[in-house]
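Me: I've just opened this one and I'd like to learn how to read it. Can you take me through a few features, one at a time?

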Amino acid sequence: MSRPTGRVLTLLELLQSGGTRTVAELADRLGVEGRTVRRYVGQLTDLDVPVESVRGRYGGYRLAPGYRLPPLMLSDDEALAVLLGLLLGRRAGLTTAERTANETASAKIRRVLPRHLTRRLDALLEAVAFTERPGDFDTPDAAVLLTLADAVRHRRPVALRHTGRDGRRGDRTLHAYGIVAHSGRWYVTGHDPGIGEDRTFRLDRIADARILPGSFEAPTGPGPAQRLLSGFATAGYRHEVTLRIHGTVEQIRARLPAGVAVLREDEPAADQERAAERWRRVEVRAERLDWLPPVLASLDRPFVVESPAELRRLVAEFADRLASYARQA
């Protein structure tokens, strides 16, 4: 592509971003003189692109409102943002009944992407898992996200430079299993060969990611999303809570999801169905206990607090407060 042609397309991209652009601003962005900008505008007009001239002190050029431009020029970051937005919209149900608009929009964008970027985005979409219906998510660094997706897809070790919860920076090597979107944040899960344990890192705390030589075997067992939730539920906290709750798995999980509690599934008796209501053991780890009594009350199921004794006291106090409120006229 010749330089003048490239500048004409850059001019179109600047006008696509909206608003009125002065000749001086456009000339500065394109690295040309004002008369050259006017010549480029004439070339766009010859291509039936409706560029309007705005007179006055704050005048310049803008695109006619409501016009649908045939060319769509996206940077790598913009293409990633659009496709991730379409994916999240489909997950959240923000599409038409037949999802045709979402799917055709994705297909159109993918059709005009460079081949190398298409491969990297495919790797990302294969690597991402969701633990729940997504809401507003943090925006991860595109380069870090795509590099991790490549590492997951090709089972390659990756070097990470990250900041821990304590604010300390460090470098780790990770055998990445997958990328997970959970509760508005992005995470990468994998095995840390340096310590011989599974690790989870928040993407917004990773400053740099670099693929290393070598490969590793894909793990068996739970997928990345389940590993993440299990890690949250079993992480080291101040209190270890043990409960027995009478109900179905669905009833218990409605208030104590997998990221909060571990549900120990004992084998049912011969005359019991697995989905039937029965006593089940539940383990919770928490920094504080004061949120648990209202949650247990909202379950509306019989339960027993096996430990700690402090939680039994908090539950009794919460029940007394509810009873006192109920007696008030």
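Me: Let's begin with aspartate 192: where is it found?

Reply: Helices (H or I, at least four residues) and strands (E, at least two) are DSSP runs, numbered from the N terminus. Aspartate 192 sits in strand 6, residues 185–192. A word on the source: this is a predicted model, where local features need pLDDT of at least 70 and side-chain atom pairs count only at pLDDT 80 or more, while totals for chains, interfaces and linings use all residues. Residues are numbered from 1 along each chain as its sequence is written, and side-chain values use heavy atoms, with hydrogens and water left out.

Me: Is aspartate 192 buried or exposed?

Reply: Buried means under 20% relative accessible area, exposed over 50%, and partly exposed in between (1.4 Å probe, protein chains only). Aspartate 192 has a relative accessible area of 1%, so it counts as buried. Leaving aside residues up to four places away in sequence, aspartate 192 touches Arg172, Thr173, Leu174, Glu197 and Arg199; contact means heavy atoms within 4.5 Å.

Me: And how confident is the predictor? What does the chain average?

Reply: pLDDT is the predictor's confidence in each residue, from 0 to 100. The chain averages 79, and 80% of the residues score at least 70. Over residues 92–98, pLDDT stays under 50.

Me: At what angle do helix 2 and helix 3 pack?

Reply: Axes are lines fitted to C-alpha atoms, for helices over the stretch in contact, and angles run from 0 to 180 degrees between N-to-C directions. Under 35 degrees counts as roughly parallel, over 145 as roughly antiparallel, 65 to 115 as roughly perpendicular and the rest as oblique. Helix 2 (residues 23–30) and helix 3 (residues 34–46) pack at about 95°, their axes 9 Å apart, so the two helices are roughly perpendicular to each other. Val23, Leu26, Ala27 and Leu30 of helix 2 meet Gly34, Val37, Arg38 and Tyr40 of helix 3.

Me: Now the sheet: what is the order of its 4 strands?

Reply: Two strands pair if DSSP finds at least two bridges between them. This open sheet runs 10-11-9-12, with antiparallel pairing. Strand 10 (261–264) and strand 12 (303–307) are the edges, each pairing on one side only. Strand 9 (residues 239–247) is joined to strand 12 by 4 bridges, and arginine 244 has valine 304 in strand 12 as its bridge partner.

Me: What joins serine 307 and proline 308?

Reply: A cis peptide bond, with omega about 0°. Proline 308 is in the loop between strand 12 and helix 11.
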